[in-house]
Amino acid sequence: MQKYNLIDVASVIRSKNSGPYELTFDIIFKDFDIYNKVKAAQIFNNKMFATLYNIKEEDIINIVHFDPAKAIKITIVRPIPSGALGETDVYGAQQHVPLMKSSFEL
């Protein structure tokens with residue numbers, strides 16, 4: 001098995017609003033080989049993402065693989081609605097850091 005840092009194998013790692021009550025995370029891989037290996041191994045699954053973001057698995061709305069773009073999209077329930085009191089990232093654009101720092105083995 002080899003260890004990979006996501007930041008080394010993905011060309012895009014981002015987060016953004018998916019409406020006021022959801023956040024979406026996008027991962028676009030640099031090449032199809034690593035994307036296909038990650039997809040086949042089901043690296044990005046509810047348990048992994050819930051652990052990474054310290055949320056309940058039930059708060060993960062979906063994990064979608066989009067083969068033509070070698071991309072994975074993960075959508076979760078937003079912990080605090082966009083613009084609500086106590087919320088610190090209205091656009092959801094700063095939530096990708098734990099994902100960016102993640103690693104996995106294949």
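Biologist: Leaving aside neighbours within four places in sequence, which residues is His96 in contact with?

Modeller: Keep in mind that this is a predicted model. In it, His96 touches Ile13, Arg14, Ser15, Phe25 and Tyr53, once neighbours within four places in sequence are set aside. As for its place, His96 is in the loop between β5 (71-77) and α4 (97-100).

Biologist: Why is His96 called buried?

Modeller: The relative accessible area of His96 is 17%, and buried means under 20%, so the label applies to His96.

Biologist: What makes the approach of the His96 side chain to Ala93 a polar contact?

Modeller: A polar atom of the His96 side chain lies 3.3 Å from the backbone oxygen of Ala93.

Biologist: Now the rings. How many aromatic pairs are there?

Modeller: The count is six aromatic pairs. One of them is Phe25 with Phe49, centres 5.1 Å apart and planes at 65°.

Biologist: Why is the pair of Phe25 and Phe49 called edge-to-face?

Modeller: Ring centres must lie within 6.5 Å to pair, and planes over 60 degrees apart count as edge-to-face. With 5.1 Å and 65°, Phe25 and Phe49 meet both conditions, so edge-to-face it is.

Biologist: How do you know that this pair links distant parts of the chain?

Modeller: Phe25 is in strand β3 (residues 22-29) and Phe49 in helix α3 (residues 46-53), 24 residues apart. Phe25 is buried, at 0% relative accessible area, and Phe49 is buried, also at 0%.

Biologist: And what makes Phe44 and Phe104 a pair?

Modeller: Their centres are 6.3 Å apart, and the limit is within 6.5 Å, so they pair. Their planes are at 65°, so this pair is edge-to-face. Phe44 sits in the loop between α2 (32-41) and α3, and Phe104 in strand β6 (residues 103-105), 60 residues apart. Ring pairs also link Tyr4 with Phe44 and Phe104 into a cluster.

Biologist: Last one: which residues have the most contacts inside the largest nonpolar core?

Modeller: Leu6, Phe29, Phe44 and Leu99, in a core of 24 residues. The largest share of this core, four residues, comes from β3.

Definitions and conventions
Residues are numbered from 1 along each chain as its sequence is written. This is a predicted model: local features need pLDDT of at least 70, side-chain atom pairs count only at pLDDT 80 or more; totals for chains, interfaces and linings use all residues. Side-chain values use heavy atoms; hydrogens and water are left out. Helices (H or I, at least four residues) and strands (E, at least two) are DSSP runs, numbered from the N terminus. Buried means under 20% relative accessible area, exposed over 50%, partly exposed in between (1.4 Å probe, protein chains only). A polar contact is a pair of N or O atoms within 3.5 Å; within protein, one must be able to donate a hydrogen and the other to accept it, and residues adjacent in sequence count only if both atoms are side-chain atoms. Contact means heavy atoms within 4.5 Å. Rings of Phe, Tyr and Trp (its six-membered ring) pair if their centres lie within 6.5 Å; planes under 30 degrees apart count as stacked, over 60 as edge-to-face and the rest as tilted. A nonpolar core is a set of buried Ala, Val, Leu, Ile, Met, Phe, Trp, Tyr and Cys residues joined through side-chain atoms within 4.5 Å.
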